[in-house]
Amino acid sequence: MEVKKLSISWQFLIVLVLILQILSALDFDPYRVLGVSRTASQADIKKAYKKLAREWHPDKNKDPGAEDRFIQISKAYEILSNEEKRSNYDHYGDARENQGYQKQQQREFRFRHFHENFYFDESFFHFPFNTERQDSIDEKYLLQFSHYVNEVVPDSFRKPYLIKITSDWCFSCIHIEPVWKEVIQELEGLGVGIGVVHAGYERRLAHHLGAHSTPSILGIINGKVSFFHNAVVRENLRQFVESLLPGNLVEKVTDKNYVRFLSGWQQENKPHVLLFDQMPAVPLLYKLTAFAYRDYLSFGYVCVGLRGAEEMTRQQNINVHAPSILVFKEHTDRPADAIQTRGLKKQVIDDFITQNKFLLAARLTSQRLFHELCPVKRSHRQRKYCVVLLTAEATKSSQPFEAFLSFALANTRDTVRFVHVYSNRQPEFASAFLPDSETFQGKSAVSILERRNMAGKVAYRTLEHPWTGSERDKFILLGYLDQLLKDSALLSSEAVLPDLTDELAPMFLLRWLYSASDHLSDCWDSLLHSSWREMMPFLSLVFSALFVLLGTVIVQAFSDPNDERESSPPDKEETPEKAGKAEPSFPRENSRVPKKGFVEVTELTDVTYTSNLVRLRPGHMNVVLILSNSTKTSLLQKFALEVYTFTGSSCLHFSFLSLDKHREWLEYLLEFAQDAAPIPNQYDKHFLERDYTGYVLALNGHKKYFCLFRPHKAAEEEDTLGVRGGLDSSLHPGDSRGKPGGLGPRPLKGKLSKLSLWMERLLEGSLQRFYIPSWPELD
């Protein structure tokens, strides 16, 4: 009975707590929290928020309820500063998105996947207190999209970020909460950035990060997002953060590479830091420090408990029972600064590193370094002077540089910085301080400058004589610096300096290789860990490319590139001109540059007849010139000149046929071109006198057709003779030789005057074609 009463009491207590939380959530009014009216403008809301935030900030207000009050103020401003959330609150009393839809859906029962189980939708059992209540630790790290883009991404180039994606009714989020609290308290103390994204409020940011489920944990470094895929335990999260960091941040140093490591200051233009500790692995705090200051210093680690570090430890007088950090600058035999303590804290290390970020006399290798070492004057009290040594590059430290370095080491003024520039690497920068180049030709010079603005304007004073590093030069420079502290008018000259060339920037090829390596690693990581939803675009691209490639291979495998399409069926050859115009006989290649400086013309004989005509490859043609023994030399020269520009085509071959030997073969072919030559009659008295010299035949051995070229003057005379003497005399001008009224012998040079135009039409496929059943034998 007592147990039953106790159970009823607990149930009553739980219901009472829920009712109180509901009433407190319903009582939340952002307008009342900020003290503005419902018609207030964004400027009034922002002004009220800033005033209340300064008043109730937990760091300034020690009131016990200041933190809760500050959270309410931030929530109220988050709602009213967003027009969409503000409109939702004004209409529905809730700032969440899609409230009109949700109010309607709350009146309906939604059952999904009924065959498996009832679907549990959080909007079906939506309580206002659930969306307003957040854990106090997560509230501190909540991120918005603008804050992520403007602050987190730029800051990720100095430290990694660990971000958790959460949402309402996320029971797995509750399960990992204890581990998450423990890990972030530890990692934040080491310098890791922490963030929390509420997928319900910041859907845009969650989608931008690629988080499609909750809870999700991801890391951001150098603006790149990486997802955590292991079990949420402390060691896995520490290893995940450590895996985000580059692997070459800290170099393991022993007695063998000790000298080489410290001697790299001149090439890298950085101080070198050594941590001595007993741990075999490099501490995560030291790696994070190395990542934050990787642009300024080089970091090494010495494990004092291993062999190979005894000599170095004894030489530097290291206490092996406590971690020690040593900074080496230009002098590798002794540290420039050191710190040793049993409990190294992040703030202690940051202060130590910040004081030793630069060399004693650093080399100006980039414009960014120039801005940091020689800042622009802000006010009269914030004057900064730079003493610049302009010297030539040398493999070893020269006497002028060593003297300049010793002078910088003895300096105690905080307003003076010492730098040097290689004149051969920055010639434009150096020439701005050396008006008289002959005096300082091949010698070092020292200038004192003060930057006036970011545009490059400086006031400077160059020592009258070259810098040799003598005691007299040091005394003169010391006098100038003492006088400069009393009277800034000593810098009487002004100049506008050009931007410095980045000497240490990697080559374009290396930058391309680094970028390609990063992309490949991202793709490999996506293949291993991405979900199907994330992989669908990539898989679609890959399969599309494979489909196109496979289709191309199949098409090429079942097609013959040398085969040509038939121009028309045999029964439609009655209109050869139209067929020829519609489809070229072979590809047009006359625009190619001739491959040789001559025209290769072979004689068509019974030996070469089969290879040059009968078995000619598909798509190839043989252009044959008809000549006689008496006209051979002159016609071949003219023929070569006319067809030379077409010899670049691999589909054309050139030959000549002797009319004296193979007249019958030619007459047989001309029978199929009855409009060009009559059927020869052996009883005709002029049968043996017909002049076919200058005729050109384009023979297609594969398709068994030819195109005919008649000499230019022959065509004109045929027209004339056709009017005078009838049909027989018009068919060929050779018949006029036996007539007293003929036109006389034709000049040989004019016969092939229009052959080049005919060749153009041949390549276009617009010439008339004469088909034959088979090629006759060449006797």
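## Salt bridges, a helix pair and a buried aspartate

Lys85 and Glu78 join their side chains in a salt bridge, with N to O at 3.2 Å; the term stands for a side-chain nitrogen of Lys or Arg within 4 Å of a carboxyl oxygen of Asp or Glu. The model is predicted: local features need pLDDT of at least 70, side-chain atom pairs count only at pLDDT 80 or more, and totals for chains, interfaces and linings use all residues. Residues are numbered from 1 along each chain as its sequence is written, and side-chain values use heavy atoms, with hydrogens and water left out.

Both Lys85 and Glu78 are buried. Buried means under 20% relative accessible area, exposed over 50%, and partly exposed in between (1.4 Å probe, protein chains only). Over the whole structure, the search finds 27 salt bridges. Side chains of opposite charge can pair when their charged atoms come close.

| Salt bridge | N to O distance |
|---|---|
| Lys85 and Glu78 | 3.2 Å |
| Asp155 and Lys159 | 3.7 Å |
| Asp333 and Arg334 | 3.6 Å |

In the second pair, Asp155 is buried at a relative accessible area of 15%, whereas Lys159 is partly exposed at 26%. In the third, Arg334 has a relative accessible area of 40% and is partly exposed. A network of salt bridges links Glu182, Glu186, Arg234, Glu235 and Arg238.

Two packed helices are described by the angle between their axes and the distance between the axes. Helix α26 (residues 632-643) packs on helix α30 (residues 755-764) at about 45 degrees, with the axes 8 Å apart. Because of this angle, α26 is oblique to α30; angles under 35 degrees count as roughly parallel, over 145 as roughly antiparallel, 65 to 115 as roughly perpendicular and the rest as oblique. Axes are lines fitted to C-alpha atoms, for helices over the stretch in contact, and angles run from 0 to 180 degrees between N-to-C directions. Helices (H or I, at least four residues) and strands (E, at least two) are DSSP runs, numbered from the N terminus.

In the contact (heavy atoms within 4.5 Å), α26 contributes Phe639, Glu642 and Val643, and α30 contributes Leu755, Ser756 and Met759. These residues divide into four nonpolar, one polar and one charged.

Asp277 lies in strand β6 (residues 272-277) and is buried, at 13% relative accessible area. Beyond its neighbours within four places in sequence, Asp277 is in contact with Pro283, Tyr301, Val302, Cys303, Val304 and Pro323.

Definitions and conventions. Nonpolar A, V, L, I, M, F, W, Y, C, P; charged D, E, K, R; others polar.
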